[in-house]
Amino acid sequence: MMTKYSNLSLKSHNISLTASPLTSLPIPEVMMTKYSNLSLRSHNISLTASPLTSLPIPEVMMTKYSNLFLESHNISLTEHSSVQVEKNITLERPSAIELTCQFTTSGDVNSVNVTWKKGGEQLKNYHVNATGGILYTQYKFPIINSEQLGSYSCFFEEEKERRGTFNFGVPEVQGKNKPLITYVGDSVVLVCKCQHCAPLNWTWYSGNRSVQVPLDLHMNDKYAINGTNANETRLKIMQLSEDDKGSYWCHAMFQLGESQESVELVVISYLVPLKPFLGIVVEVIILVAIILFCEMHTQKKKMHTDDGKEFEQVEQLKSDDSNGIENNAPRHRKNEAMSQ
């Protein structure tokens, strides 16, 4: 076989390991003879065992997704870091991710154990390197679906454990935080926005968080959806009734998943704002009635008192008059006797 291809160059490969030598595997002589005409190239790789080894990065996987947008993020930790360091990252499309954690210590970097985890699952194929008193670790991977979103953490275990966490999620949608109050018969516009992002599409639902019902957009006289920009949506509800009150949910769909937010709508009749005013009017009327009643009662009592005084005065005058007549009668008799 090697004689047939004797005009080709021969390539020879050799790998030596200082930790433990590897013996050469036997090569079929018939095959080598068949390709003896091939040119020979020799390659040598030398690896030195150390407490911190570089684990192989899945280059095949990263090459497969080389057309993806590259996202690079890093976290720095020190031996004095007492709390977990977190970084929130939003993605709206598939991306190639490169995460780097840096740990600075005054001790021996060879005694630091480095691991990576996604949630509680331990990860493999990460790279570790040390320079002086600084330890670097890097993890590369693609995110192409919603299941790959979540928290990725690097751990440095020395005397204490230090952790850096990267939280991946789709962009958040923003609605109106306070309830929107309107009146029966009016129209209202509900707005949802997504800052610095462009969802693939928007959908609207009504109901609570557990049970959401898609709006019937074929009711043109009731609902209308529009938006001036791709990062916002506007739902117009016409001819409002009290049955339209409740929660309305806007969903933004991205390549990696969806995000949602709610807007609370309160629909009231025009009599509702008048209820406090009517209550005040009733209270004033009752208060005025009480005052008038007290005034009438006081005046009536005063009139009875004045009538009693007048009656006493009349009786007193009558008594004085009768006493005067009785006193004058003896005088008349005495005068008559003296005249006789």
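Select Trp116, Tyr139, Phe141, Tyr152, Phe166 and Phe168, which form one aromatic cluster. Rings of Phe, Tyr and Trp (its six-membered ring) pair if their centres lie within 6.5 Å; planes under 30 degrees apart count as stacked, over 60 as edge-to-face and the rest as tilted. This is a predicted model: local features need pLDDT of at least 70, side-chain atom pairs count only at pLDDT 80 or more, and totals for chains, interfaces and linings use all residues. Residues are numbered from 1 along each chain as its sequence is written, and side-chain values use heavy atoms, with hydrogens and water left out.

The whole structure holds seven aromatic pairs. One of them, tryptophan 116 with tyrosine 139, is tilted, at 5.7 Å centre to centre and 35 degrees between the planes. Tryptophan 116 lies in strand 6 (residues 113-118) and tyrosine 139 in strand 9 (residues 134-143), so the pair ties together parts 23 residues apart in sequence; strands are DSSP runs of E, at least two residues, numbered from the N terminus.

Now go to arginine 93, whose charged end sits over the ring of phenylalanine 69, 4.9 Å from its centre. The criterion is NZ of Lys or CZ of Arg within 6 Å of the ring centre and within 35 degrees of the ring normal. Lysine 117 lies over the face of phenylalanine 155, 5.3 Å from the ring centre.

Finish at valine 284, in helix 3 (residues 271-339); helices are DSSP runs of H or I, at least four residues.
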